[in-house]
Amino acid sequence: MKSKLNILFALVAVIGASCEDDFLDRQPLTEYSETSLWTGENDAIAAANACYSQFEDGQWIVYMDDASDNGHNPYPWEGWQELGNLQLLSPNTWTRKYNFTAITQCNWFLENIDKAPIDAELANRMKGEVRFLRAYEYFQRSQLYGDFPLVTNMLSTEEANDVSRTPKAEVVQFILTELEEVIPLLPATYEGSDAGRITKGAAWALKARVELFNELYAESAISSKNVMDSGVYALFPNYQELFRVTNEYNSEIILDVAYLETDPNRTIGIQVLAPEDIPGGGWSSVNITQSLMDSYEMANGKTIDDPSSGYDIDNPFEARDPRLLQTVIVPGAEFAGIIFNPMNPNSLDYWPTYNYTGYVGRKYIHFKSDFSDLYKTGLNIPLIRYAEVLLTYAEAKIELNEIDNTVYSAINEVRLRAGLPEVDQPAYATQSSLRELIRRERRVELAMEGLRWYDIQRWKIGEEVMNGPVYGARISEIDATGNVTYVSDDHAKIEDRVFDASKNYLWPVPQDEIDTGKNLTQNPGY
Amino acid sequence: MFRHNLLSGYAKRGNILKCMSVFIFLFATINLSANPAIEQQSPIEGTVSDATGEPLPGVSVIVKGTTTGTITDFNGFYTLDNVMPDATLVFSYIGTVTRELQVEAQTTIDLTMEEDVFGLDEVVVAVGYGTQKKINLTGSLSNISSENLESVPITNISSALQGTMAGVTVTVNTGQPGRDQGLIRVRGIGTLSNSDAMVLIDGIVSSMNDINPNDVESITVLKDAASSSIYGSRAANGVILVKTKQGKSGDLVAHFKMNGGGQSRIASPDFIDSWQSSTLYNEALVNEGKLPRYTPEEIQKFRDGSEPEQYPNTDFYKLFWKGNGLQQDYSFDVSGGSEKVQSYLSMGYLSQDGLVQGSGLDRYTERAKVDFQLNSHIELNANISYSQELFKEPVANIHNQDFAQLVGTLNQTGRVVPNTINGYYGYSDEGNPIAVLKGGSNHADKTHHLSTIFQADAELLKNLHFKPLIGYTTTILESKTRINDQQYYNPYSGEPTVFQGPNRVSDSNSFTDNLTIQALLQYDTTFGQHALSILGGYSQEHNKDNYLFGSRYGYLNNALNQLDAGPIIGQQNSGYSSEYALQSVFGRINYSFQEKYLLEFVVRNDGSSRFAKENRWAIFPSASAGWRISQESFFEPLKNIFSNLKLRGSWGMLGNQNIGTYPYQATIATGQNYTFGGQSVDGIAPIQGVNPDIKWESTTITDIGLDADLLNGRITFTGDYFIRNTSKILLPLPVANSFGLGVPVINAGSVENKGLELSAGYHFNQGDLSFDINSNISFIKNEITSLAGAGPFPNQSTILSVGLPVNALYGLVSDGLFQSQADIDGHASQDGLGGPVGPGDIKYRDINGDNVIDSEDRQYLGTSFPKTTYGFNFSVGYKGFDALMFFQGASGLKSYVSGRILGSLYDKNGLPTSIWLDRWSTDNVDASFPRVWNSYSQNDPSSNPSSFWVRDASYLRLKNMQIGYTLPDKVISSIGIKNARIFYSGKNLLTFTKFYKWVDPEAPAGDSAYTYPMVKVNSIGLHLTF
């Protein structure tokens, strides 16, 4: 009996021994914890890198023209069609930029970076980069939603639910102040494996853009002039080649969002542009409208409605601004080994199938052989190019009515690179005629680069350009070699757009957000 | 509040106290054991046999008025120590008349048991860490034994439980082989996160999918807090105890069972012909001011099929679901043994072919159980099982590259798309489901599950049992997904067009192991008319998961499926590892007086690695009492009617810690990469919000129950009323997006479930005729009682709100359809809902009266969790024939259709169902469906969830029907077979419901177009006993 008791005590002792605290202390095995970070340069750099990972989405930039008079999304389910015709836009729309993921990553970095024992210069530079990224996020959101909650530190859940929308003017002021402050912290250029980080020039250029959009023309002229005078940037000689993988990080790129074919988590699918019929397939998600087609000048610098321009409606793409065919795949054109034929009922691109316009984008995908898979490419998407800065400078000066040679030469630089003649100065001598010119120039130069909607918004031309019928290509017959024979004067009619100026200049705040955030209000009209 | 402080105060004192409690408990138990051990009495032994003189093993021999007793061995032999001369021994055995004998001066008592059909007194059921006689239970539990499971063609146990127990709701959402397990909810939805019940197989935490249904001896569901609080922190959602069969001493007995049959679809989406869908597509375009897509001539061609390639009416559904659906199940077991060694060996093979080619399941199971009676004091037991499951399914080669995507593609490829044209596959935006299916992209899982349980039972002192246990389970999952590329061609020129690719092979391995160490001390004693039973225990569990993934793409062709054969460029790998640990001490005291007044106290102290140190430990107590009124002397006159009548009551507290592995720790995720200068750089960032203060969820259950057996067990009845309150629910309460991280889990909210459970049975057996009727019904009312002052939280078609049930549907209220422009003009504005309003659009009710229909006008539209669930079966046997019908149903639930299961008009990507035909038009103003739409969303159930799409999803289902015949002995005995039965069995044969006829009412609410359809099964089988 005694020996049995001994066994029992021994067992109890074993059980008791396993009652150590350690048994229940289980730390994460595959994730860092807040306490094990900020030990040195590696941690801090990685934390700054993460802020870049979410800050912009290149595919979104490409899609963005569907929300303007440049484009039309044929598929209701992709969510962009309603952003184009606006009449269907409901607060449940899924295509949204109403999120704080990147902003929070920036805030987290900025709140913690001072813990890391690292070189002050590096720390300052990275702070500058991250503050820029945050400012960029706020720029985009204030454009789309108007008033937007300005959150600059990490929030508790209660604080997050209490957040209200900061007036747009305050958000803009924040952006401008931040950019002003980070400029001295940022270098003018980076070398090699740092290429693509935020530069001084990027901060000046974004500042110029935000100032222009907010009618701070004098400031915008100064900011853009700073970029022009920096000596860092120059237009890339070839417009078509500018958007090519092999020419990434060229002298014209001030800021881009970077992708890498060999990193499966960092690829970008640009099949959204390509026609459906091509080998490998495309989505045709960004259809180009006739309206954009018509805004390209003739190669002689005259607009197509000018009787002396030489425009031939039966050869509409001949002798036009070379950028037209560099930007758009037109009916009968060759692309990736096929003849694009939206008029053939047996083609996947047959225009009535989903009310395609019959025009799809060519920019970004022209050199298709650069990509092994259009769905997973490594193409960087430019966000700010030097050409935009030149046009910003010119527009700011025009709006200031300070029309001097610098204005013409800025515009000419862009036009000459495209293969157009210089501006016909006598024809464009007044502020209003120049305004018309600069707006047209911006539209064609920057087509499919995500800026057109903002231009419509600030020029308040929605009722004019996003109202009424949307047309596509003219009805024709196309043979196997791509010869087009027009069989009708009619163009494909795609949809009727109705623009309500009292609400449509802003997107609705998503309904879920209003459901959760007690103090959030909806934009007028939604 | 008071309780909360008490607990946290306790927890702060920390581990020392907790560990001490183990010692204290064990010492206390040992001390208690000392006293009765002194009263040495003479031993009694004997042999029990049945009416034919054969020794009867397994007879319970109990000293009356106590819980002391034993069970006869395989020779029918028993021995009992320390029996007082004035004691009475009670001999009982299922199916025999219970006998009571005075001991007096005897040392040997032999006995012959007489047969009795209704020997319900001795029914023993599994309870936490032991067993108990059903009549002595004070808690609420439901029990099902193997006979009720055996002859059904079941592929997994969880779905077989459907409708068999009051208070246990089982939902089966899919008929896919290997994925058709039931979702089990015990007494409603107790929490807002994971409501899965805890499953223990032979005492080890496990999953119901790991086991061969033939190995199951019984399944017990612990429903109230009194019976489940011994499992403390994991018991809040109910505990399911699965007990496997074991060997009995005696002759070897072998069973061979087989059944085979075919599966078929219960319901198919009722997609309409291409001429109808193209007509509707035109109509939708015109409704939206667009040009029609098809000319009348083209529609005529669709209709007459004159140009089937260009103008097809492709029934992709029919082409897709072409698997043979064969199902076969074999099992063999042998058991038996000697006095010293008993064993049970079994093996099983299940094969299920899906309704689509490439889908299927093969399962091999093996189990070996051995019991050693080392000596009169020590028993050893080994229980080893292994199963291997081979699951396979075809997958899509685009988007998610899974089976759901493939079914999604199927459900959106319009009939206007040809399957083949000039020998080439036709093509819609997502490809061609048949081409993808034939392309052979597939996913396969091979799951190995090993479970080894070793336990001992040592009687250290008289009536003091020490029961250590070591249980080790491991699950190895090998997954392989092989995505084949697919080239489409222009059917006219033969030129390659769309390419779906590149091909890809992904391999993953996950390894989970779990080690449980447990020790129990049990002491049973009686003094006078008092019986006392004490259980103390310690258990700890450590669980670790490891996962490794690798993939490559761009293989030369689709021939190879090994990683090594693929190009290195673009290869990917990833992995993770996580672990958790639990540590617990627990105790239970059962006391009974005269077997009339029953009391039980349970307490468990649990520690979990999932919580921060300060919140790590918590106590879960319970108490229950029972009064067997039928034992009272005043009840004597009624005794011939009521053989048993018992009133029960219980209260207790339970926990839930099912919330991920490290929820209180702020973790920083890696992999937030970017690219600089053409090179990838690593990024780290927090992505998930954390709450370091989270604590256990706590559930209290109060239960009042009544058990009655009438007419010597012919009629049985059990009723329970319960109130189950769950508070401090661990919940990711919706947070405004400005929080910027994944929503953290916090202790917010309370849910109350109130319910009534009734079950009754009638059993008749006379001569050659026997029949049984069993029925059960549960009513449940579920309500969120608090959301920590926050909310309500609408989320598309559902809402979380105080005062509403957990699965509350939410949306606009429909008042029919607009009939005219005047109707529209006179109504509140609906302009903000996604399109210009026209006649034939749904008219939504202006709830808040502000003359605008918007999100403010949404309201509660019903719950998708059934308020009432029920089941009843009727079985009859006459001579060798037997038949059974089992119905199961649910009512008081709503569901709705949306998305692809409703269909859409997107031409190639749209596949409208027949309800679109009854659309509103000027010729059809009484329509049941609005005017058709293409891109407008005001009527669309996904964009604007509304009561228009919500329907009563109550159903009644003939779950199982069986007809069997047992061959006469004289036919089979000559060939050495003891028993042979052949049978037909059908599963899910009939469904009665008012829900959309092509959607199964059990399918998940909303868009169920991505799931495998529910199946019915017709099979025949054979059971042989040797």
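Author: Happy to! Let's begin with a term: a polar contact is a pair of N or O atoms within 3.5 Å, and within protein one of them must be able to donate a hydrogen and the other to accept it. Keep in mind that this is a predicted model. Between chain B and chain A, 23 residue pairs are in polar contact, with both residues at pLDDT 80 or more. On the side of chain B that touches chain A, strand 30 (residues 572-593) of chain B gives the most, with 10 residues. That side of chain B divides into 50 nonpolar, 40 polar and 15 charged residues.

Charged groups also meet here: four salt bridges cross the interface of chain B and chain A. One of them links the side chains of B:Glu579 and A:Arg26, at 3.2 Å from N to O.

Now for the whole interface. In total, 105 residues of chain B are in contact with 102 residues of chain A. The two chains, B and A, bury about 8400 Å² between them, and 61% of that is on carbon and sulfur atoms. Of the area that chain B buries against chain A, 9% comes from B:Tyr674, B:Phe676 and B:Ile684, more than from any other three residues.

Finally, look at the strands. Strand 1 (residues 32-33) of chain A and strand 34 (residues 667-668) of chain B run antiparallel and are joined by two bridges. Within this pairing, A:Tyr32 has B:Ile668 of strand 34 as its bridge partner.

How values were computed. Residues numbered from 1 in each chain as written. Chains lettered and ligands numbered in written order. Predicted model: local features only at pLDDT ≥ 70, side-chain atom pairs only at ≥ 80, totals over all residues. Heavy atoms only, no water. Contact = heavy atoms within 4.5 Å. Buried area = accessible area lost by both parts, 1.4 Å probe. Polar contact = N/O pair within 3.5 Å; in protein donor to acceptor, adjacent residues only side chain to side chain. Helix = DSSP H or I, 4+ residues; strand = E, 2+ residues; numbered from the N terminus. Nonpolar A, V, L, I, M, F, W, Y, C, P; charged D, E, K, R; others polar. Pairing = 2+ DSSP bridges.
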